[in-house]
Amino acid sequence: MKNTLLAIFLLLSTALTALAQAELLQSGPMLGYNEMREVLLWVQTTEAAEVQFDYWPAEDAKDRHNTATYQTNAAEAFTARLIADEVEPGVDYEYELKINGKTVRRPYPLTFSAQPLWQYRTDPPAFDVAIGSCFYVNEPRYDRPGNGYGGDYPIFEAIHDKRPDVMVWLGDNTYLRDADWYTMTGIFHRHTHTRSLPELQPLLASTHHYAIWDDHDFGPNDSDRSFIHKDKTLEAFKLFWGNPSYGLPDMDGGITSYFQYHDMDFFLLDDRYFRSPNYRKTGKATIMGEEQLEWLIDALAKSRAPFKLVCIGGQVLNTAAKYENYSHHHAEERAYLLRRIAEEGIHNVVFLTGDRHHTEMSQYRNSAGYRVADITVSPLTSGAARNVEEENKLRVEGTLVTERNFGILRFEGPRKERKLTITVYNTAGEELWSQELESE
């Protein structure tokens, strides 16, 4: 009898301990960048706590490794970015989170992969990239009066069901509200509230996430370089995302970055930190700033990727001079960028954009004869623009979507014959349209 009672006591004690540790988990875990030799793992706790990740090859649970430990703290919104630096190229891993030395179980798989070393050995692997923008989660006490602007949160379950290798968040990844803009307290609260959405958690845990921002996660609506607290929102962006870098080496500030996934190059641009005010009457109108713009042209010219994916918050090719399209307030810089792409003979440039609360694909052939495309995917959970009446002369027929949606980019084929298939889905994961591009 005593042994039975002792066993029951130990089981209850273990269960209560596990429950207590789970209650310290605010959001995540989330996968950040993955390379051949290291992978970033992210987590947020509810209060100060010691966190660590254990990981092991999926085929050998005994070969366990662990990250460093980190003490989360209020100054960093109780977030932690930890590096798994004992991974091997091409290996699939399982992992677990420990808080205060105790394992926190999740009701979904925790897995990640290190990129494979395929170069000079095989054709590059096929892979899938999810894309989307405009992620709003209602919080009535801080929202504007009226019906909630956000909805259809199960869209993240639909994305997760597609099992993408990567997700690129194309801006407005949270919506700072009037109460949030001017304090780190408000900025941290908004990021935490959005990141903690229950429907999002399985997707965070098994897909590698990269991000850019646009006006609503940078500051107030249509924000630009004049926003006095851009240093605060930059700090929050760095704490809540797992990009490989933030800003260019010779540039002061911003979120500009780059990553290569298998054989494709992704350029993560900043369309806010250096942006001139839309209605300023004097001075040079710029979205990217001269240094970032010239870096992009240099990097595109250097790239030998079959497709060059340029990720920027606002539409580039849309010809309608409305809202914050590149054609509207910054037409001269847009013309310069597109001209230089032609002059440098850069082929297979695909802009990945968001912002507009509708989805569409635009494309044209430049003076060098190369196709340039712009895939706009928006919104994820924000309100959709039901009536899009603007005339975009470069829109591909049949690609306009005016409901919440997401996209999947499928890269496949032999090394010299790579193909990109773009498929857009509704919130239930049902296909709305698909387009195919061959590398030229």
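Reader: What volume does the second largest cavity have?

Author: The second largest cavity has a volume of about 40 Å³. Please keep in mind that this model is predicted.

Reader: Which residues line the second largest cavity?

Author: Its lining includes Asp-271, Arg-275, Ile-287, Glu-324 and Tyr-326. By class, this lining has three nonpolar, three polar and three charged residues.

Reader: What about the largest cavity, and which helix gives the largest share of its lining?

Author: The largest cavity holds about 80 Å³ of space. Helix H3 (residues 184–195) gives the largest share of the lining, three residues. Among the lining residues are Phe-135, Trp-169, His-191 and Arg-195. Five residues of this lining are nonpolar, four are polar and one is charged.

Reader: Why is a pocket not called a cavity?

Author: A pocket is an open set of points, whereas a probe in a cavity cannot get out, so the two words are kept apart. The largest pocket here has about 730 Å³ of space. It is lined by 30 residues, and Tyr-149, Tyr-175, His-216, Asn-221 and His-357 are the closest to its centre. Its lining has 10 nonpolar, seven polar and 13 charged residues.

Reader: Which elements give two or more residues to the lining of the second largest pocket?

Author: Let's start with the pocket itself: about 520 Å³ of space lies in the second largest pocket. Of its 25 lining residues, the closest to the centre are Tyr-258, Gln-260, Asp-265, Arg-304 and Ala-305. Strand S13 (257–261), strand S14 (264–268) and helix H7 (290–302) each give two or more residues to the lining.

Reader: How do you know that the length of H7 agrees with what a helix should span?

Author: At 1.5 Å a residue, the 13 residues of H7 should span 18 Å, and the end C-alpha atoms are 18 Å apart, so the two values agree.

Reader: What makes Leu-293 and Leu-296 of H7 buried residues?

Author: Buried means under 20% relative accessible area, and the buried residues of H7 include Leu-293, Leu-296, Ile-297 and Leu-300.

Reader: How do you know that the buried residues line one face of H7?

Author: Seen down the helix axis, the buried residues fall within an arc of 165 degrees, so they line one face. On the other side of H7, Glu-290, Asp-298 and Lys-302 are exposed. Strand S14, strand S15 (308–311) and helix H9 (331–343) are among what covers the buried residues of H7.

Key:
Residues numbered from 1 in each chain as written. Predicted model: local features only at pLDDT ≥ 70, side-chain atom pairs only at ≥ 80, totals over all residues. Heavy atoms only, no water. 1 Å grid on protein atoms, 1.4 Å probe; cavity = no way out; pocket = protein on both sides within 12 Å on 5 of 7 lines; lining within 4 Å. Points joined across faces, edges and corners; volume = space filled by probe spheres on them. Nonpolar A, V, L, I, M, F, W, Y, C, P; charged D, E, K, R; others polar. Helix = DSSP H or I, 4+ residues; strand = E, 2+ residues; numbered from the N terminus. Expected span 1.5 Å × (residues − 1). Buried < 20%, exposed > 50% of the residue type's maximum accessible area, 1.4 Å probe, protein only. Arc of directions from axis to C-beta. Contact = heavy atoms within 4.5 Å.
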